[in-house]
Amino acid sequence: MDIQIGRGKTARRAYGIDEIALCPGNRTLDPSLADTKWTIGNIEREIPIIASAMDGVVDVRMAVGLSKLGALGVLNLEGIQTRYENPEPILDRIASVGKDEFVGLMQELYAEPIKPELITQRIKEIKQQGGIAAVSATPAGASKFGKVVAEAGADLFFIQATVVSTAHLSPESIVPLDLETFCREMPMPVALGNCVTYDVTLNLMKAGAAAVMVGIGPGAACTSRGVLGVGVPQATAIADCAAARDDFFRETGKYVPIVADGGLITGGDICKCIACGADGVMIGSPFARAAEAPGRGFHWGMATPSPVLPRGTRIRVATTGTLEQILRGPAGLDDGTHNLLGALKTSMGTLGAKNIKEMQQVEVVIAPSLLTEGKVYQKAQQLGMGK
């Protein structure tokens, strides 16, 4: 139901992940029976979790480690890893600078040109160590470096921007990337994003997307919502985009997964995204807390280094455990940020969902008090859910 903002302007109510809860049904099952497998492009993974293409989250080591643990990590092709032969001193500088100097330093460091030979080198390093080479670029970067990525043999290509559409208008001097042609000509599956609406999701799928990324501005280090005032809360965005996926499947017989990207911290967040209709999730800050992460306990957004309008910041997330602890356990923390796979399987067992498709069908209720009800002591003592 539309709500009247004022004369001549109405709005639809949208819901965030923190405002909903999952309601158990008539059946439960042992968590060991929960099947979490999913397929993106032509790649099947046990764990429907992707590490986001952020420089504090994924480097070659993390991409390989995530692959071996049953998940997936995406390397940012327009970041530190492809601008510097040895990124370690650069990452040290980013971690050591103060808040006031940070934006200027980032703009300076990211002014270094991207080197095509480093794109090739990083992709080969991941593959030589047995990892899945999933990489990400903006539409402009994809247009410029697509051929390099194809020749290097990447396994998945993510084209990501704050908002991606098939109806992009550019000045006469700029030729926009033709998404349909790009998806058709690239030798590997191409995921497209980000978006938050039914119509754009449908258009991206018609253009040949192997997956669609859903989410504008919810990420822990993203400031797009504050800078631009743009975004739709994730629960509503996922449900709308999932409806487009289902309609596209009914019309074409082609199933294109949607991936909830951003704003997810705990296992419960991941479970609620899938219940809203997501096939998988992309997360950044939870993996930035891994001992193996390149960010040294820090996490920053992809648009943070923009030379004209930064739309991200650097946050301190600290280091809380190993990558395996965070992804598969055993958990060393009680706040839902460790053993994300275990949380998903246990939630699916509680809800009686045998697989991801059944998890997408569980009952969702509006529950703004879900995270605060009865948690006075946790909040007062900064424990568990009160941290």
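Trainee: Where is the place of Pro-330?

Mentor: Pro-330 is in the loop between helix 13 (323-328) and helix 14 (340-351). Helices are DSSP runs of H or I with at least four residues, strands are runs of E with at least two, and both are numbered from the N terminus. You're looking at a predicted model, where local features need pLDDT of at least 70, side-chain atom pairs count only at pLDDT 80 or more, and totals for chains, interfaces and linings use all residues.

Trainee: What is omega for the peptide bond that joins Gly-329 and Pro-330?

Mentor: About 0°, and the bond is cis. There's a cis bond from Gly-193 to Asn-194 too, with omega near 10°, and Asn-194 lies in strand 10. As background, most peptide bonds are trans.

Trainee: Why does Cys-241 count as buried?

Mentor: Buried means under 20% relative accessible area, exposed means over 50%, and partly exposed is in between, using a 1.4 Å probe and protein chains only. Cys-241 comes out at 0%, so it's buried. Cys-271, at 3%, is buried as well.

Trainee: And what makes Asn-339 partly exposed?

Mentor: Its relative accessibility is 21%, so Asn-339 falls in that middle class. Asn-339 also has a positive phi of about 55°, although it is not a glycine.

Trainee: At what angle do the axes of helix 1 and helix 5 cross?

Mentor: Roughly 35°, and the axes come within 9 Å. Axes are lines fitted to C-alpha atoms, for helices over the stretch in contact, with angles from 0 to 180 degrees between N-to-C directions.

Trainee: Which residues of helix 1 and helix 5 make the contact?

Mentor: Contact means heavy atoms within 4.5 Å. Helix 1 brings Val-60, Ala-63 and Val-64, and helix 5 brings Arg-122, Glu-125 and Ile-126.

Key:
Residues are numbered from 1 along each chain as its sequence is written. Side-chain values use heavy atoms; hydrogens and water are left out.
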